[in-house]
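This report looks at selected backbone angles and at one feature of the surface. Please keep the sequence and the coordinates at hand while reading.

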Amino acid sequence: MTTRNAWGSRLGFILAAAGSAIGLGAIWKFPYVTAMNGGGAFLLLFLIFSFTLGLALMMAEIALGRSATNGAVGAFKKIGGKHWALLGLLGVIAGFVLFSFYSVVGGWTFAYLGKAIDGSVMSANPKALEAMFGSFVSDPIKPLITHALFTLATLGIVLGGIEKGIERAGKVLMPALFIIMLILMLRSLTLPGAWAGVVQFLAPDWSRVNPAMVVEALGLAFFSLSLGVGAMVAYGSYMHSSEEILSASLWVVFLAVMIALLAGLMIFPAVAAFGLNPAAGPGLTFMTMPVVFMHLPFGQLFAIAFFALLAMAALSSSVAMLELIAIWFIDDLKLPRRPVLIGIALAVFLCGIPASWSFGIWSDARIFGKSIFDAMDYFVSNLAMPIGGIGLALLAGWKGDTLVDEVGLQGWKRQAWLITCRYLAPVLITTVLVKNL
C-alpha cells in the first residue's frame, strides 16, 4: 500500500476540482441549452441553482471525502454504513462508463487539433465539414487510435500522483484554458454582427420560463459541476484538514460557471456573425465552428487554439474520472497505484471500442432502443448521477453529523446547508431524475 498523498496547495486543489467540473459540456452543451431555453432567463436560474444546490452538494462531496480520507465507496461506507457503500460503488461504475465513452470524444478533440494543425479542417463549406466528421467518427480504426492517445494522455498525468501529476496538470491546463477562451471570446466579440449573438445569449426571454425550463436549468447546474459520481469525494480525500471547505467550494463553482459563461460569449457572437445554428450542439464544435475560422484573419491559428482548448477541457475532466475509479482499488482493495491505473486505462480503452463503433460498423446495434454510445451516456447522466446526488444529499443531511462538523458552518449557514441537503436537494434532483426518465 502506498502512503496517502495530498494536494500541495489550496490553489492546486481548486484548479484541479474546477478542471473536473469543466469538461466538453461547458463548451458545447451550455451555450446551446441556454439559447434554446430563453437566454438570460435560463442563465439566471442556472446561476441561482449553481450557487445554492450545486454549492451545497459540492461541499457535501468534499467533506465526505476529507472526513473519511477515502474514495466514494469507502467514504459512503464509513459515514453511512455498509449498505451505503453500494451508492459509492454506483459512482465508481458510472465513472468508468463515463470515462469509456468520454475518452472516445476526447480522442475526437485530439484528431481535430491535428486537422487544425495540418489545415485539413479549414473549409467554408458546412456540408464538406459534416461529411469529414461523419467519415472520421464512422471509421473503424482512426477514432480508436485517438481514443487510445487520449486515454494514454490521461494515464500519463494521473501516474504522476496527486501533487506532481493531477495538481501540476491543473495548474497548467486551467490557466491555459482561460487564456485561450479569453482570446477567442475577444475575437468573436469583434466580428461584424456579433452583438446579436450576445443578445441571444444574455437577453432574458421571460415567456420561456416554465416548469420544464426550470428543471432543465436545475439539471444543467447539477451536471455541469460533476456532482453525483464521487469525483469530488476522491479529490476531497486528499484535502488538508486546515482548508476551509466553503471557500474552496465557492471558488470551484465560480470558476466552473465562469468558464461556461465565457464559452457562451465565445460561441454565440461567432454563430450570429455567420448565421449559423447555435442548437447544433456537438456538431457545432466539429462541423460549424471551422466555417467561422475560415472567414477570420489568421483563421488557422484560431482553429488550432480552439481545438487545443477542447482537448484541454476534456483532459481536465478525464483525470478526475480516472482518479475516482482508481481510488477504490487503492484505498479499499489495497492494490498498488501504478498497476491499478494501467489496468483501468486498458479496460477503459476496451470498453470505449463499442462506443466508438456505434457511429460506424455497429451503428445498428441497440440497447433499449438507443445506440451503444447513447445508452452509456443515458445510464450515467439520467440514472447514476441523479441517484448518486440524491443519496449524497440524504446521507449528508440525515446521517452525516460528522459531515456537518467537517463542513465547518455555523449559525444560519449551517441550517441552510442542512435544509438544502435534507429537503431541497432530494426533491429537486428527484424531479430531474423523473423528467429524464
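The text below treats backbone angles in loops and then a nonpolar surface patch, all in a predicted model.

**Positive phi angles in loops**

Threonine 69, a residue other than glycine, has a positive phi near 45°, and its place is in the loop between α3 (40–68) and α4 (72–80). Phenylalanine 298 likewise has a positive phi, near 55°, and is also a residue other than glycine; the loop that holds phenylalanine 298 runs between α13 (282–294) and α14 (299–332).

| Residue | Relative accessibility | Class |
|---|---|---|
| Threonine 69 | 42% | partly exposed |
| Phenylalanine 298 | 66% | exposed |
| Tryptophan 398 | 47% | partly exposed |

Phenylalanine 298 counts as exposed because its relative accessibility is 66%, and the class begins over 50%. Threonine 69, at 42% relative accessibility, therefore counts as partly exposed.

**The nonpolar patch**

Which residues form a nonpolar patch on the surface? They are Leu394, Trp398, Ile419, Tyr423 and Leu424, which together have about 480 Å² of accessible area. Two helices, α16 (372–399) and α18 (411–436), each supply at least two residues of this patch, and α18 gives the most, with three residues. Tryptophan 398 lies in helix α16, and with a relative accessibility of 47% this tryptophan 398 counts as partly exposed.

Definitions and conventions:
Residues numbered from 1 in each chain as written. Predicted model: local features only at pLDDT ≥ 70, side-chain atom pairs only at ≥ 80, totals over all residues. Heavy atoms only, no water. Helix = DSSP H or I, 4+ residues; strand = E, 2+ residues; numbered from the N terminus. Buried < 20%, exposed > 50% of the residue type's maximum accessible area, 1.4 Å probe, protein only. Patch = residues over 30% accessible without salt bridge, like charges linked within 9 Å, V, L, I, M, F, W, Y side chains within 5 Å. Areas by Shrake-Rupley, 256 points an atom, 1.4 Å probe, with all protein chains shown as cover. Salt bridge = Lys/Arg side-chain N within 4 Å of Asp/Glu carboxyl O.
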